[in-house]
Amino acid sequence: MFGIINFEAFLLASLLLNLTPGADTMYILSRSVSQGKKAGFISALGIASGALTHCLFASLGLSILLAKSALAFQVVKYVGAIYLIYLGIKMFRSSSKGSFEFKKELSEINYRKIYISGILTNLLNPKVAFFFLAFIPQFINEAHSTSLIPFLVLGLTFVTTGTIWCLILALFSSKSSNKIRKNYRFKMWLDKITGSLFIILGIKLALSKK
């Protein structure tokens with residue numbers, strides 16, 4: 001249907017790929033643990049919005065520019081790397097503050113900023129665009145390779161399964177960390193560890209090749 005082949009295999013592969021931890025996973029975990037369930041959910045929706053944008057770009061053929069243009073790839077890659085490193089340094093700075101009031105912090109959360117950061121974390125990773133271009137066409141019949149519909153159906157399926165997983169991740173990580181978030185010392189070390197991982201992921205992205 002819609003020119004899609006081996007949909008069951010695609011669904012299984014999508015689930016396994018979504019379970020693989022990366023920058024998106026770390027972003028959602030850090031928001032959920034440090035700022036609560038709502039922040040985790042919004043960060044997950046931000047990640048989903050970024051993935052959906054990649055899906056639409058790839059469907060319309062715009063992501064091919066990244067695949068064919070070395071300059072475009074380098075620009076997006078380095079901007080994404082800088083952004084991840086920026087997030088990591090920001091977490092380090094927040095962990096160095098000498099006081100911590102849990103209720104006050106929750107009241108000052110900027111959910112709009114969390115959502116936008118989630119979008120950028122996903123959108124500024126050119127490898128996500130390559131994933132859509134390289135992975136999805138394998139499950140489209142050659143006779144429908146120029147059609148927009150099968151690409152969109154498979155892309156939206158991948159984004160949907162990924163969003164469900166991200167929301168589950170945000171829910172359980174926030175629930176299991178209610179006591180943790182009230183402990184400033186633990187939160188300080190958690191921010192340092194998460195910040196370090198973001199910096200490492202940023203450096204890894206900067207050094208990556210097509």
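1. Rings of Phe, Tyr and Trp are taken as a pair if their centres lie within 6.5 Å. On that basis Phe7, Phe10 and Phe139 make up one aromatic cluster. The model is a predicted one, and the points below concern that model.

2. The count of aromatic pairs is two. One of them is Phe10 with Phe139, an edge-to-face pair with 5.3 Å from centre to centre and 70 degrees between the planes. Phe10 belongs to helix H1 (residues 7-19), while Phe139 is in the loop between helix H8 (126-135) and helix H9 (148-175), so the pair ties together parts that are 129 residues apart in sequence.

3. On the chain as a whole, the secondary structure consists of 11 helices and zero strands. Read from the N terminus, the order of elements is α-α-α-α-α-α-α-α-α-α-α. The chain has 210 residues, and 44% of them count as buried. Of the contacts in the chain with a separation of 6 or more, 88% are between residues 24 or more positions apart. The accessible surface is about 11,600 Å², and carbon and sulfur atoms account for 69% of it.

4. Arg31 deserves a separate entry. This residue is placed in helix H2 (residues 23-35). Is Arg31 buried or exposed? Its relative accessibility is 16%, and because the limit for buried is under 20%, Arg31 counts as buried. With neighbours within four places in sequence left aside, Arg31 is in contact with Gly36, Ala39, Gly40, Ser43, Ile114 and Ser117.

5. Which ring lies under the charged end of Lys38? The ring is that of Tyr111, and the charged end of Lys38 sits over it at 4.5 Å from the ring centre.

6. The surface carries a nonpolar patch formed by Leu52, Leu56, Phe57 and Leu156, with about 310 Å² of accessible area together. Which helix gives the most to the patch? Helix H3 (residues 37-60) does, with three residues.

7. Leu156, a member of that patch, lies in helix H9. Leu156 has a relative accessible area of 39% and is therefore partly exposed, the class between buried at under 20% and exposed at over 50%. Apart from neighbours within four places in sequence, the contacts of Leu156 are with Leu52 and Cys55.

8. At 53% relative accessible area, Lys175 is exposed. How far apart in space are Lys175 and Lys37? They are 7.3 Å apart, C-alpha to C-alpha, and 138 residues apart in sequence.

How values were computed
Residues are numbered from 1 along each chain as its sequence is written. This is a predicted model: local features need pLDDT of at least 70, side-chain atom pairs count only at pLDDT 80 or more; totals for chains, interfaces and linings use all residues. Side-chain values use heavy atoms; hydrogens and water are left out. Helices (H or I, at least four residues) and strands (E, at least two) are DSSP runs, numbered from the N terminus. Buried means under 20% relative accessible area, exposed over 50%, partly exposed in between (1.4 Å probe, protein chains only). Contact means heavy atoms within 4.5 Å. Rings of Phe, Tyr and Trp (its six-membered ring) pair if their centres lie within 6.5 Å; planes under 30 degrees apart count as stacked, over 60 as edge-to-face and the rest as tilted. A charge sits over a ring if NZ of Lys or CZ of Arg is within 6 Å of the ring centre and within 35 degrees of the ring normal. Accessible areas come from the Shrake-Rupley method with a 1.4 Å probe; for residues, only the protein chains shown count as cover. Patches are made of residues with over 30% relative accessible area and no salt bridge: like charges are joined within 9 Å, nonpolar side chains (Val, Leu, Ile, Met, Phe, Trp, Tyr) within 5 Å. A salt bridge is a side-chain nitrogen of Lys or Arg within 4 Å of a carboxyl oxygen of Asp or Glu.
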